[in-house]
Amino acid sequence: MNKLLFIGHSYHIKTKSSDFIEKMLSNTYHVDKIFEDSWEHGGLSIDYAAIDIEQYDAIVIWQIIELLPRSFIKKISKVNTTYFPMENYHWGWDKWRKYKNLKIISFSLYNYTKLANWGLDVSYFQYFPKPEIRTDKPFKKRKFKYFFWQRLNYFNWNNIKKYVPLNSIEQFILHNAPDPGHKFIEPNEEDKINYRIRVTSWFAKKEDLMKLIDGCDIYIAPRNLEGIGMSFLEAMARGKVIIAIDAPTMNEYIINNKNGYLLKIEDNREIDLLNIESIRKESIRSICEGYNKWEKDKGTILDIIARKKRSTTSIKITKVEIGYMLFEIKKISIKIIKNALPRIFIDLYHKYYAKS
């Protein structure tokens, strides 16, 4: 069996969000795994210089490429390496150029489109978990159980309560399990009473979390940007109606008022739940269709990991680099002009007007 090196983020051991790709790889390769945990204590936990990359038929980098030493990136750029980016939508060509010699598999259409236009060896797939709909019976109520997992400081209860009609709440589950580097924002006592809030914390077993979600009707996606969006997709696969911010990847799965609800983060309006039953049915249909497509497509991911990198013409990359340089020159020129104009007018004033 061929050997593969998988390099991921140690936090995913806890969340299990990379389990699906690890299992896929294990069916084809003997997989050695490295989980970088420098985010917990600072400083790299692995001696990357000591890794014998020549022993591997393939290398997979799952999300954490920015944590890896530049010298190691150069080494793996010369062998069969595939990189799976996540929610790095703000990266420009100045960042991506470092990875132009890697194969890239994107689970975001937004990222894929940008990278494809730059001529990188990038492929796009949409992941869908297996549907585990607990019931397809219609809602016979007008009050619902909500679930929101606060993962980020800046996307918390105070942000999302404005979307939630107070008269629609049977109970609101607020899950206290923030991502590394973030802290839980506690709702005030008045909100806890009015919105019938129950605060939960991290479960030792993921199954216990999923049981809690199974008891809810509406799931509010926990981030304003996602690389895949595993948490809201798993909730969707269990028949939950999704409320999410109108941004990747949520808006790549959800069509507003058709199979879920999309909102701008700056919106102050409440969700209109009158059509929630038809939205739920469409959500179940879309997750089932998506999973069938994923089952057909996922073998292609293994083919991409196994193959050599497609040759990219140096002319195309050069054009991209020239385009980026021109863009930067334009930005700098505008800045210089904006700063210089006031000085020019002052000099003209003193030269021609003030003297008169």
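This is a predicted model: local features need pLDDT of at least 70, side-chain atom pairs count only at pLDDT 80 or more; totals for chains, interfaces and linings use all residues.
Helices and strands here are DSSP runs, a helix having at least four residues and a strand at least two, and they are numbered from the N terminus.

The whole chain comes before the details. The protein has 356 residues, and 48% of them count as buried. Its secondary structure consists of 13 helices and 12 strands.

One example of packing involves two helices. Helix 10 covers residues 230–237 and helix 12 covers residues 276–306; their axes are 9 Å apart and meet at an angle of about 110°. Angles of 65 to 115 degrees count as roughly perpendicular, and helix 10 and helix 12 are therefore roughly perpendicular to each other. On the side of helix 10, the contact is made by Leu-233, Met-236 and Ala-237, while helix 12 contributes Ser-283, Ser-286 and Ile-287. Sorted by class, this contact of helix 10 with helix 12 holds four nonpolar residues, two polar ones and no charged ones.

Aromatic rings give another view of the fold. Rings pair if their centres lie within 6.5 Å, and by this rule there are 28 aromatic pairs. One of them joins Trp-93 and Trp-118, with 5.3 Å from centre to centre and 65° between the planes, which is an edge-to-face arrangement. Trp-93 belongs to helix 5 (residues 93–96), and Trp-118 to the loop between helix 6 (109–117) and strand 6 (122–124); the pair links distant parts of the chain, 25 residues apart. Trp-93 and Trp-118 are both buried.

Trp-157 and Tyr-195 form another pair. Their ring centres are 4.9 Å apart and their planes stand at 80°, so this pair is edge-to-face. Trp-157 is in helix 7 (residues 157–160), whereas Tyr-195 is in the loop between helix 8 (189–194) and strand 9 (197–201), so the pair ties together parts that are 38 residues apart in sequence. Trp-157 and Tyr-195 are buried. Ring pairs also build a cluster, whose members are Phe-6, Phe-20, Phe-35, Trp-62, Phe-84, Phe-107, Tyr-127 and Trp-294.

The backbone deserves a look as well. Most residues other than glycine have a negative phi, and most peptide bonds are trans. Arg-196 has a phi near 55°, a positive value in a residue other than glycine. Its relative accessible area is 40%, so Arg-196 is partly exposed. Asn-257 is not a glycine either, and its phi is positive at about 65°. Asn-257 is located in the loop between helix 11 and strand 12 (261–263). With a relative accessible area of 42%, Asn-257 is partly exposed. The peptide bond from Pro-248 to Thr-249 is cis, its omega being near -5°. Thr-249 lies in the loop between strand 11 (241–245) and helix 11 (250–253).

A last stop is Gly-43, in the loop between helix 3 (38–41) and strand 3 (58–62). Leaving aside residues up to four places away in sequence, Gly-43 touches Glu-36 and Ser-38. From Gly-43 to Leu-67 there are 24 residues in sequence and 9.5 Å in space, C-alpha to C-alpha.

Technical notes
Residues are numbered from 1 along each chain as its sequence is written. Side-chain values use heavy atoms; hydrogens and water are left out. Axes are lines fitted to C-alpha atoms, for helices over the stretch in contact, and angles run from 0 to 180 degrees between N-to-C directions. Angles under 35 degrees count as roughly parallel, over 145 as roughly antiparallel, 65 to 115 as roughly perpendicular and the rest as oblique. Contact means heavy atoms within 4.5 Å. Ala, Val, Leu, Ile, Met, Phe, Trp, Tyr, Cys and Pro count as nonpolar, Asp, Glu, Lys and Arg as charged, and the others, Gly among them, as polar. Buried means under 20% relative accessible area, exposed over 50%, partly exposed in between (1.4 Å probe, protein chains only). Rings of Phe, Tyr and Trp (its six-membered ring) pair if their centres lie within 6.5 Å; planes under 30 degrees apart count as stacked, over 60 as edge-to-face and the rest as tilted.
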